[in-house]
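Have the structure open beside you as you read.

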Amino acid sequence: MGSAAVALRGTAKRYANGTLAVKGVDLAVGEGDFLSLLGPSGCGKSTLLRIMAGLVPPSEGQVERAPGEIGFVFQEPVLMPWATALKNVALPLELAGLSRREAAARAGEALARVGLDGFGKSYPRALSGGMKMRVSIARALVTRPKLLLMDEPFAALDEITRFKLNNDLLALWEAERFTAVFVTHSVFESVYLSRRIVVMASGPGRIAHDIEVEAGYPRGEEFRTSADYVAQCRRVSAALQDAMSGAGA
Ligand SMILES: Nc1ncnc2c1ncn2[C@@H]1O[C@H](COP(=O)(O)OP(=O)(O)O)[C@@H](O)[C@H]1O
Ligand SMILES: [Mg+2]
């Protein structure tokens, strides 16, 4: 891996109420990598992601980011209910000063890239959970980010939809070569998607294990049902168990 897309050095975050969410985190995410942050609820995954995004300032330590746009996908699609899918995706561009016409054209392309060609005029209420998440991903990708940060984006979806979105996300990553940081508490999802898995422990949140997934891309259903996949899941699961027992959870 070459230079870092984003790097945290000695990062700690204490919230205003006194909670020490993360402490002593050193993490450099290589440009073009697909990294998952894996850990139990409350271990500071969202906090680290928000620090990487610059949405939350760290209390200690440095954040270094390579220049370029950042895309952020939240756990909920957070779409504007009164606006069409196209308008939801176009808004970041309009806010950045593009003309409505140019923004709409690029939003239409982004919708097509996530498999929603022809749904631009639909309102969020008319879309399924998976489709709403696709709109949310299109909105994050419309600015052509170099760094895409995702916070448990598929956690609320049924398994079939989640598998489909996993595959489509990998195809987008392979085509567009952004750096991906993906938060999840699913061992299976992290192994399927990632090249590297950072396992976190809590109390305070910190890095417990840093694991390389030994499988190439493209990955598909063949990988998901392979003995190799199961073996890697077992390895990551053991690391997660270790992190959780170490934390006294
Ligand atoms: N805005 C906040 N104010 C106070 N405490 C917070 C805030 N956000 C998160 N926390 C606390 O920080 C810890 C880590 O939270 P979070 O980063 O959301 O973990 P995760 O995403 O792994 O579930 C938890 O104890 C949580 O309650
Ligand atoms: Mg979270």
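Start with Arg162, which is buried, since its relative accessible area is 18% and the cut-off for buried is under 20%. Keep in mind that this is a predicted model. Which side chain does Arg162 meet in a salt bridge? The partner is Glu189, with 2.9 Å from N to O. Because Glu189 belongs to helix H6 (residues 187–193) and Arg162 to helix H5, the pair ties together parts that are 27 residues apart in sequence. Glu189 is buried too, with a relative accessible area of 4%.

**More charged pairs**

Side chains of opposite charge can pair when their charged atoms come close. In this model the count comes to 10 salt bridges. Here are some of them, with their N to O distances.

| Pair | Distance |
|---|---|
| Glu189 and Arg162 | 2.9 Å |
| Glu94 and Lys87 | 3.1 Å |
| Arg224 and Glu221 | 3.5 Å |

Arg224 and Glu221 both sit in helix H7 (residues 221–224), where they are 3 residues apart, about one turn of the helix. Is each of them buried or partly exposed? Arg224 is buried, with a relative accessible area of 10%, whereas Glu221 is partly exposed at 40%. Lys87, the partner of Glu94, is partly exposed as well, with a relative accessible area of 28%. Salt bridges can also join up: Arg113, Arg144 and Glu176 are linked in a network of them.

**The largest pocket**

Now for the spaces. Rolling a probe the size of a water molecule over the atoms shows where empty space is left. The largest pocket holds about 290 Å³ of space. It is lined by 13 residues, and those closest to its centre are Ile70, Gly71, Phe72, Arg139 and Ala140. Strand S5 (70–73) and helix H4 (129–141) each give at least two residues to this lining. By class, the lining has 8 nonpolar, 3 polar and 2 charged residues.

Look at Ala140 for a moment. This residue lies in helix H4, and it counts as buried because its relative accessibility is 6%. Between the C-alpha atoms of Ala140 and Trp82 there are 19 Å, and the two residues are 58 apart along the chain.

**The second largest pocket**

The second largest pocket has a volume of about 160 Å³. Its lining includes Lys45, Glu152 and His185. Which helix gives the largest share of this lining? That is helix H1 (residues 45–53), with 3 residues. The lining divides into 2 nonpolar, 7 polar and 2 charged residues.

Although buried, Glu152 has no salt bridge, and the nearest side chain of opposite charge, Lys45, is 4.1 Å away. The reason is the cut-off: a salt bridge needs the nitrogen within 4 Å of the carboxyl oxygen. Glu152 does have a polar contact of 3.0 Å with the side chain of His185.

**An enclosed cavity**

How many cavities of 30 Å³ or more does a search of the whole structure find? The search finds 1, and the largest cavity has a volume of about 70 Å³. Among the residues lining it are Ala5, Glu31, Arg65 and Thr179. This lining has 5 nonpolar, 2 polar and 4 charged residues.

Notes. Residues numbered from 1 in each chain as written. Chains lettered and ligands numbered in written order. Predicted model: local features only at pLDDT ≥ 70, side-chain atom pairs only at ≥ 80, totals over all residues. Heavy atoms only, no water. 1 Å grid on protein atoms, 1.4 Å probe; cavity = no way out; pocket = protein on both sides within 12 Å on 5 of 7 lines; lining within 4 Å. Points joined across faces, edges and corners; volume = space filled by probe spheres on them. Helix = DSSP H or I, 4+ residues; strand = E, 2+ residues; numbered from the N terminus. Nonpolar A, V, L, I, M, F, W, Y, C, P; charged D, E, K, R; others polar. Buried < 20%, exposed > 50% of the residue type's maximum accessible area, 1.4 Å probe, protein only. Lys, Arg positive; Asp, Glu negative; His and termini not counted. Polar contact = N/O pair within 3.5 Å; in protein donor to acceptor, adjacent residues only side chain to side chain.
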